[in-house]
Amino acid sequence: MLNWAHRKNVEGTINPPPLASLRAFEALARSGSVKLASESLNLTPSAISHQIRTLEAHFGLQLVQRSGRNIELTESGAIYAAAVLSAFNELFRASDLLDDRKRGRIVRVSVTPTFAMLAALPQLERFRVDNPGIDLRLEAKNTPVDFERDNIDAAVQFGEPPFSNLTFHRLLKSRVAPCADRTLLERFAPIRNSHDLAKMPLIRFNTAPDSWQKWFGEYEPQLASKEAELIGDSLLTAIQMARSAMGVILAPFPLVAPMVTSGALSVVKLWGSMDIGLRDFYFTYRKVDGSSEKIRAVHKWLKVIAKALEAESTKLGV
């Protein structure tokens, strides 16, 4: 164990660890990889490892443990990482405040790729026109949102509330209806009942893997064990598969309403829509940011988008 006296200055206070080592440790804890940490800081992997060893020597504690090519935080490392990540996030947010004063107000919002493509991006120019002093930056990602680790101000995420330590507002209530490319529907016509639908190639996506079983369980219980033959690793992938006439998807409404209006997908109207446990979309942000003008502007914009999607879906009869 390192002697604490070695880390005290002449005034008797504890010297802080080297900033370069802290930055390397933060990048490693955030990314979980020496390689990714080195890329984010534009350093070599050996330089990252050296800085971590320097930090461990400073505290006299092992912060990471190595197993082959894998790196994991020790118990002490995990405790320290939580504090370091929080501190760096505060620094990043403070830097953003300075950027706001210099270049205008920046607001970073994390969204799912599907929400970005179908809802947010088509209306982004409208936000800029209505809010000329705010620089809205959308970050599309499928991975779970972590407000402690991610440098974001707000997020559109799907799930079930409450969201830990966050303020949340539901934007869209999800329901589903079978959808496919028109040529595929014509190829299998007539589709008169659930048995006809079950003969078509079915697509599922990983965020709702049992949706077809639930759907058939409601309409035709004897087909409840029917499993989809095709799998999309994400909702966006599954939608693209359906657009390519590969199969039928239980598409989430009202999110996909614009695709039906444009003719990219067609609804099998025989059954209408169902609520089968798909997670709803929520706008979330830190409670401390509840009075932020930037957050209120984004929320207002998103509510307009959600209202338009609901109206379009209702017009389609879904």
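These legends describe several close-up views of one predicted model.

Residues are numbered from 1 along each chain as its sequence is written. In this predicted model, local features need pLDDT of at least 70, side-chain atom pairs count only at pLDDT 80 or more, and totals for chains, interfaces and linings use all residues, while side-chain values use heavy atoms, with hydrogens and water left out.

**View 1. Phe-115 and Phe-281 form a tilted ring pair.**
The structure holds eleven aromatic pairs. Rings of Phe, Tyr and Trp (its six-membered ring) pair if their centres lie within 6.5 Å; planes under 30 degrees apart count as stacked, over 60 as edge-to-face and the rest as tilted. Here the ring centres of Phe-115 and Phe-281 are 5.6 Å apart and the planes meet at 35°, so the pair is tilted. Phe-115 sits in helix α5 (residues 113-120) and Phe-281 in strand β12 (residues 280-286), so this pair links parts of the chain 166 residues apart. Helices (H or I, at least four residues) and strands (E, at least two) are DSSP runs, numbered from the N terminus. Phe-115 is buried, at 2% relative accessibility. Phe-281 is buried too, at 5%. Buried means under 20% relative accessible area, exposed over 50%, and partly exposed in between (1.4 Å probe, protein chains only).

**View 2. Phe-127 and Trp-301 meet edge-to-face.**
The ring centres of Phe-127 and Trp-301 lie 5.4 Å apart, with planes at 65°, so the pair is edge-to-face. Phe-127 belongs to helix α6 (residues 124-130) and Trp-301 to helix α12 (residues 293-316), 174 residues apart in the chain. Both Phe-127 and Trp-301 are buried. Elsewhere, ring pairs join Trp-212, Trp-215, Phe-216 and Tyr-219 into a cluster.

**View 3. The largest nonpolar core has 49 residues.**
A nonpolar core is a set of buried Ala, Val, Leu, Ile, Met, Phe, Trp, Tyr and Cys residues joined through side-chain atoms within 4.5 Å. Phe-115, Ile-249, Phe-253, Phe-283, Val-298 and Leu-302 have the most contacts inside the largest core. Helix α12 gives the most to this core, with eight residues. Leaving aside neighbours within four places in sequence, Phe-115 is in contact (heavy atoms within 4.5 Å) with residues including Val-156, Leu-171, Phe-281 and Leu-302. A second, separate core of 19 residues includes Leu-22, Phe-25, Ala-27 and Val-34.

**View 4. Strand β7 is largely enclosed.**
Six of the six residues of β7 (residues 175-180) are buried, so the rest of the structure largely encloses this strand. In a regular strand the side chains alternate between the two faces of the sheet. Arg-175, Ala-177 and Cys-179 point one way from β7, and Val-176, Pro-178 and Ala-180 point the other way. Two strands pair if DSSP finds at least two bridges between them. Five bridges join β7 to the antiparallel strand β10 (residues 248-253). Arg-175 stands opposite Phe-253 in β10. Two bridges link β7 to strand β11 (residues 266-267), also in the antiparallel sense. There, Cys-179 has Val-267 as its bridge partner.

**View 5. Strand β5 pairs with β3 and with β12.**
Five of the six residues of β5 (residues 154-159) are buried, so this strand is largely enclosed by the rest of the structure. Strand β3 (residues 105-111) runs parallel to β5, joined by two bridges. Ser-110 is partnered with Ala-155 in β5. Six bridges connect β5 and β12 in the antiparallel sense. Gly-159 has Asp-280 in β12 as its bridge partner.

The expected span of a helix is 1.5 Å times one less than its number of residues. For the 13 residues of α1 (residues 19-31) this gives 18 Å, and the end C-alpha atoms are 18 Å apart, which agrees. Gly-32 follows α1 with a positive phi, near 75°. A salt bridge is a side-chain nitrogen of Lys or Arg within 4 Å of a carboxyl oxygen of Asp or Glu. Glu-26 is buried, at 1% relative accessible area, whereas Arg-30 is partly exposed, at 31%.

**View 6. Lys-141 and Asp-150 form another salt bridge.**
The structure holds 13 salt bridges. Between Lys-141 and Asp-150, the closest N and O atoms are 3.2 Å apart. Lys-141 is partly exposed, at 25%, and Asp-150 is buried, at 18%.
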